[in-house]
Protein chains: 2
Amino acid sequence: MSGTIVQESLEKVKLALVETRFFTFAAPPDELILDSGEKLGPITLAYETYGKLNSLRTNAILVLHALSGDAHAAGFHIGEKKPGWWDEMIGPGKAFDTDKYFVICSNVLGGCKGSTGPSSINPVTNRPYGLDFPTITIKDMVNAQKRLIDHLGIEKLLCVVGGSMGGMQALQWAASYPEMVCSVIPIATTLKHSPQQIAFNEVGRLAIMADPDWKGGNYHGLSVAARGLSVARMIGHITYMSDSSMSEKFGRRFRNSKIPSKFGTEFEVEGYLHYHGDNFVKRFDANSYLYITKALDYFDLSNGRTLFEVFKSIRAKFLIMAFKSDWLYPTYQSKEILKICKLAGIEATYCEINSTYGHDAFLLEIDEETHLVKHFLKKVFNGLCV
Amino acid sequence: MSGTIVQESLEKVKLALVETRFFTFAAPPDELILDSGEKLGPITLAYETYGKLNSLRTNAILVLHALSGDAHAAGFHIGEKKPGWWDEMIGPGKAFDTDKYFVICSNVLGGCKGSTGPSSINPVTNRPYGLDFPTITIKDMVNAQKRLIDHLGIEKLLCVVGGSMGGMQALQWAASYPEMVCSVIPIATTLKHSPQQIAFNEVGRLAIMADPDWKGGNYHGLSVAARGLSVARMIGHITYMSDSSMSEKFGRRFRNSKIPSKFGTEFEVEGYLHYHGDNFVKRFDANSYLYITKALDYFDLSNGRTLFEVFKSIRAKFLIMAFKSDWLYPTYQSKEILKICKLAGIEATYCEINSTYGHDAFLLEIDEETHLVKHFLKKVFNGLCV
């Protein structure tokens, strides 16, 4: 009984107030050379850290966010009531236990939450980059993060972890910097984007570019491509949920008894989508949406080599998680990660969680994830990863 | 061997040239009273027929089309090289054998292929209805078809058949006019639209209404809401295919080696979607898309009653078909039709076809469908349905 009480009181401990910090690097003439061959600099990455780096610098965990995420993964900002996007997983006593581990999360290159992206000022023109921003890949995001990790004085990451696009970055970390990564937790992700995944992104991009307020990408300070970006986000939202979670949440219920204007919001599910579409417009940049979805679509970890070649150099241990009802990143894609791990002689565990939440499950199935992650991290941390 | 040759030569027999005809009814003051309580008239339905009605008038089959279909289900129009949309199923020796059966197909009410819809002239204003067109339901479509069937002198339909929205109309026929329907073949369809199905439609509608060329629905003769309608159609296309059929058809192949302009067409799957989106704009009306998708979303066969009440009055035999990889109208929805048939004591067969084509399978799995339909129709035609 007393053990239970200790556990509960531990879980109630919250992270203190956190704040986003900024790291700027690659000032000309030392720009970052991108996957495309283009140069980009200076680059700022927004990031947050939780917990303390130990004296041996062996307890650092890099958390990587999904398409619309940001550096604020956990804790509270001053004056805000809502914690970071993965707060239930990061904190004292939680899966990524900040009493033990030093957790880092950074906003991706190309993003719009403090990191350099298409809405940043182009130092050459003193105006927002817009479509002059170079094409970005998952590898570029990871190469930028590598500079941040170097800056923080970390030579080896105990773990890189992320769901969805975060999982792609985690895989890319293991492939690009094998000597730096002790373990990987790719969640609800894939080794390469499928044509169906590309198709959904492309339709979202077309909706944005069809919006006259997008103005060929040069809308910054003039307008917001609200209708287009909202449609893109709504398409995304449908793919993040499952047929059954939608049925459970909304059924065929009407939003209210009042008859709306023709083609207005009638069904609850429509109201939900409109709300999330409208909200997204307030917090996300349309051009970032274009660039980041393209990075997703370009993602193919093999990148011209065979997967076996890529994986045979990887030294990390893998905990692969997928969710039964996730139809956007179906479980077979996670099983492909397991398969190539096994083939390459990598220690890998695959866990398929019986969730009905669809792709969103990686943000919602906290208990299952916590159980699996805690056990895995303990093993990796206590093992020899030097 | 000789049997095979006869079969082949039979299959080569084509329908002669066919043409679309028009039936106009419900002229004021005898307008059709719609589900909404509003009145509509006069109404024209475009329709085609294939084969001959027998002297007993017992061989009539009504084929019902899906969202973007039309009355031209089979045969060739003068000067056209492409036959009707279900030509592989309708004709001499085919599943719906026009040597035996009299097949009718009509464009739905609310459509834009010759039947009265939002692009038709409103006799009150002498201008296209636009959004003054009343809300249409699947039941309204069926009630209009009933007038056509009466006009053709048919008291009893040997079979009503359709895939997707056509299947909903077929179910509604059996429920609304039980004494007129001997058998029903609902294919890849549902008893009611699910929130996921509503969600995809709603995002398509929002894309159309976000297009400034839509002009609040009053674009007729002025512009075409091309970008919005194209996005809506592309969303549809993704849902009509399966993840695996897309992977097989496109993989991650690039369209050509030339590097496109930023955010132009790169992947083959993007080119395919763009092509079909652009093509659709040339042949479909944006307002019809709004009205017909709303009719789909409103569809709930129970309509305030219990399903058991609805089905216990149905006299038809059922052949229910669904496709394993169809995730837009998943097989569980077809199994629900079977379940309520069994409960209500209706003779029903459920066939799940092991196709990888997704929802499109109902237009593609011709061999399987032909086999099942031929056998079923023979049984129904030879049985007593009087």
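What follows is a short exchange about a predicted model with chains A and B.

Visitor: How do you know which residues and values are used?

Guide: Residues are numbered from 1 along each chain as its sequence is written, and chains are lettered from A in the order in which they are written. In this predicted model local features need pLDDT of at least 70, side-chain atom pairs count only at pLDDT 80 or more, and totals for chains, interfaces and linings use all residues, while side-chain values use heavy atoms, with hydrogens and water left out.

Visitor: How many residues does the contact take from each chain?

Guide: It takes 52 from chain B and 52 from chain A. Contact means heavy atoms within 4.5 Å.

Visitor: Why is the pair B:Arg205 and A:Glu270 called a salt bridge?

Guide: The term asks for a side-chain nitrogen of Lys or Arg within 4 Å of a carboxyl oxygen of Asp or Glu. The side chains of B:Arg205 and A:Glu270 meet at 3.0 Å, N to O, so the pair is a salt bridge. Between chain B and chain A the count is eight. Helix 4 of chain B gives the largest share of the side that touches chain A, twelve residues. Helices here are DSSP runs (H or I, at least four residues), and strands are E runs of at least two, numbered from the N terminus.

Visitor: Why is B:Asn122 called buried?

Guide: Its relative accessibility is 9%. Buried means under 20% relative accessible area (1.4 Å probe, protein chains only), so B:Asn122 counts as buried. B:Asn122 is found in strand 9 of chain B. Its side chain reaches the backbone nitrogen of B:Val124 at 3.0 Å.

Visitor: What makes phi of A:Ala188 worth a remark?

Guide: Most residues other than glycine have a negative phi. A:Ala188 is not a glycine, yet its phi is positive, about 45 degrees. A:Ala188 sits in the loop between strand 12 and helix 4 of chain A. At 0% relative accessibility, A:Ala188 counts as buried.

How values were computed. Buried means under 20% relative accessible area, exposed over 50%, partly exposed in between (1.4 Å probe, protein chains only). A polar contact is a pair of N or O atoms within 3.5 Å; within protein, one must be able to donate a hydrogen and the other to accept it, and residues adjacent in sequence count only if both atoms are side-chain atoms.
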